[in-house]
Amino acid sequence: MRSGRRQTGRDHAPRTGHEPDGGAIPDRPRPRTASTVARALVVAAVGAVTLSSCAFGSTKYDDITVGAGKGWPLAFRDARNSGSTPVTGSRNLGLSWSRPVGGPVGAPVTIGGDGQIFVTTRTSSCNIFSFQMLTGRKRFCNQMGPSAVDAGSAVDGSDNVYVGDDGALYSFNNMGQPRWRTPVAGVPVSVQFTGDGNVLSASQFGQLDVLSRQTGEREVPTFQLLGDPDFLQAPDLNRPPDGQGIEDCATGGPQCPVANVSAVDEKSGRFYATVWQPGQGTADLVALTYDGKEIRRDWSAAMLDGGSGTSPALSSDGKTVYVGDNSNRLMAVDASNGHTKWVQDLGFPARGGISVSNGLLLPAGDGGHLMALRDKGDSAEIAWERKDLELRGQPVQTAGGTGYTVAPMGDQLTLVTFDTRSGATVHSNDLPGAQGTTIGTSVGADGEVLVTTRIGEIFAFKPEK
């Protein structure tokens, strides 16, 4: 079994100069054509065997909570990908600490209910780190495959983390000890929880699995979003490298057939994914259902021009799916049948997540600006917009009408606290030395705000009285 390797050296406080060695970033495999993925993604994956000999407790009984409890346990906080939290956001934040990770960050940071932070990266010695919210001190780091930097992660109620890398989904406990490892084809870019407490994994090759959180065993047969290959037509088919096309996932390009985090309706078992079938000019929004016995496809709508780098998001009642494409459009779709309700031109391609709260939508996308749309049922209206605030990450909403986003001001990045009802700035905090753009903003259980840059630095802010 391939297990994580814990660091044995002395832990270091933030900003001491003794951070992990970033090392050289290894070259990624040169992508082959997308059609290769369509023909080869299932080879060796269908017969993959779960390796769970290292599991801590193999009982089938599990009463550990999952889902959007405290913290920010999923990429976009909850199964719906709402990018919002019921925590009342502070309008007076102060910088608590900052520290470099040692390598780039390609996926949103997750936060457990007790404030334990999990972030994936790519360094010479570690690929997943855990830090403490209060101090920023390292709790553990484990070595994984290089594509872990772009893989999805999820945290359950006991701070067990579920995270992908090249060819597998792992689970570690809150001390970094391995619980299990299950092979998959590709890199799990989407990791979610189902309504019955299992793990839903989707790789960039379109392999869908529902796994037991306790053992990593498959609960239902694997489902292939791109279809199963015909072994009679291609008997000598080879499996593509697990990391193939992963660079295209950030923008939803054609080399990454499944680029985004699935949105899950935990009550009905239905979930939504974006799929770019090889050779097609338009990507699909696909609805599927997991019913405890199987995964089945419900409907598919070819509607995403140029692909999609936007994870679908569900309305609170589960009746509407919101998704963006690479032709600058944001769309509302009837969740029951895939019919389009309305289309809004944003003027920029949406990226990452869409923050959805009480019918107010805040799209993300570098190169765009902060704006809010109001869903009117059969149309959308611009509630307000701030063309003076360029987006450098994911806007998020909190209870009390408070939102957070990152924007460039002068030659530095700034965390902007704004009123979600009007868009007005109510507070701002510099990100000292931050460059480029951010991968996400997360809110902790006590109102802490965590901002992570793509080049690999974490900034933690705490409410000030």
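In which loop is N328 found? N328 sits in the loop between β21 and β22 (329-334). The structure is a predicted model, in which local features need pLDDT of at least 70, side-chain atom pairs count only at pLDDT 80 or more, and totals for chains, interfaces and linings use all residues. Residues are numbered from 1 along each chain as its sequence is written, and side-chain values use heavy atoms, with hydrogens and water left out.

**Overall make-up and confidence**

- The protein has one helix and 35 strands; helices (H or I, at least four residues) and strands (E, at least two) are DSSP runs, numbered from the N terminus.
- Of the 465 residues, 60% are buried; buried means under 20% relative accessible area, exposed over 50%, and partly exposed in between (1.4 Å probe, protein chains only).
- The accessible surface is about 17,100 Å², and carbon and sulfur atoms hold 47% of that area; accessible areas come from the Shrake-Rupley method with a 1.4 Å probe, and for residues only the protein chains shown count as cover.
- Among contacts with a separation of 6 or more, 55% join residues 24 or more positions apart; a contact means heavy atoms within 4.5 Å.
- The mean pLDDT is 87, with 83% of residues at 70 or more; pLDDT is the predictor's confidence in each residue, from 0 to 100.
- Residues 1-13 have pLDDT below 50, and this stretch has 38 contacts in the model beyond near neighbours in sequence.
- Residues 15-59 also stay under 50, and here the model has 103 contacts beyond four places in sequence.
- Where pLDDT is low, the predicted coordinates should not be read in detail.

**Nonpolar cores**

- The largest nonpolar core has 30 residues, and V119, L415, L431, L450 and F461 have the most contacts inside it; such a core is a set of buried Ala, Val, Leu, Ile, Met, Phe, Trp, Tyr and Cys residues joined through side-chain atoms within 4.5 Å.
- At least two residues of this core come from each of β2 (93-100), β4, β5 (128-132), β30 (402-409), β31 (412-419), β33 (438-443), β34 (449-453) and β35 (457-463).
- β35 supplies the largest share, four residues.
- Beyond its neighbours within four places in sequence, L415 is in contact with residues including L93, Y404, V406, L431, V449, V451 and F461.
- A second, separate core has 24 residues, among them L370, A372, L391 and F418.
- In soluble globular proteins, nonpolar side chains tend to be buried together.

**Aromatic pairs**

- There are eight aromatic pairs, where rings of Phe, Tyr and Trp (its six-membered ring) pair if their centres lie within 6.5 Å; planes under 30 degrees apart count as stacked, over 60 as edge-to-face and the rest as tilted.
- F118 and F140 make a tilted pair, at 6.3 Å centre to centre and 55° between the planes.
- F118 belongs to strand β4 (residues 116-120) and F140 to strand β6 (residues 138-142), so their pairing ties together parts 22 residues apart in sequence.
- Both F118 and F140 are buried.
- Y322 and W342 make another tilted pair, at 6.2 Å centre to centre with 40° between the planes.
- This pair links distant parts of the chain, from Y322 in strand β21 (residues 320-324) to W342 in strand β23 (residues 340-345), 20 residues apart.
- Y322 and W342 are both buried.
- Y162, W180 and F193 are linked into a cluster by ring pairs.

**A four-stranded sheet**

- Four strands form an open sheet in the order β11-β12-β13-β14, with antiparallel pairing; two strands pair if DSSP finds at least two bridges between them.
- β11 (188-193) and β14 (223-224) are at the edges with a single partner strand each, so one side of each has no neighbour in the sheet.
- Five bridges join β11 to strand β12 (residues 199-203) in the antiparallel sense, and Q192 stands opposite L200 in β12.
- R213 lies in the loop between β13 (207-211) and β14, and is buried at 4% relative accessible area.

**Positive phi values**

- Most residues other than glycine have a negative phi.
- N328 has a positive phi, near 75°, and is partly exposed at 23% relative accessible area.
- N358 has a positive phi of about 55° and lies in the loop between β25 (354-357) and β26 (360-363).
- N358 counts as exposed, at 72% relative accessibility.
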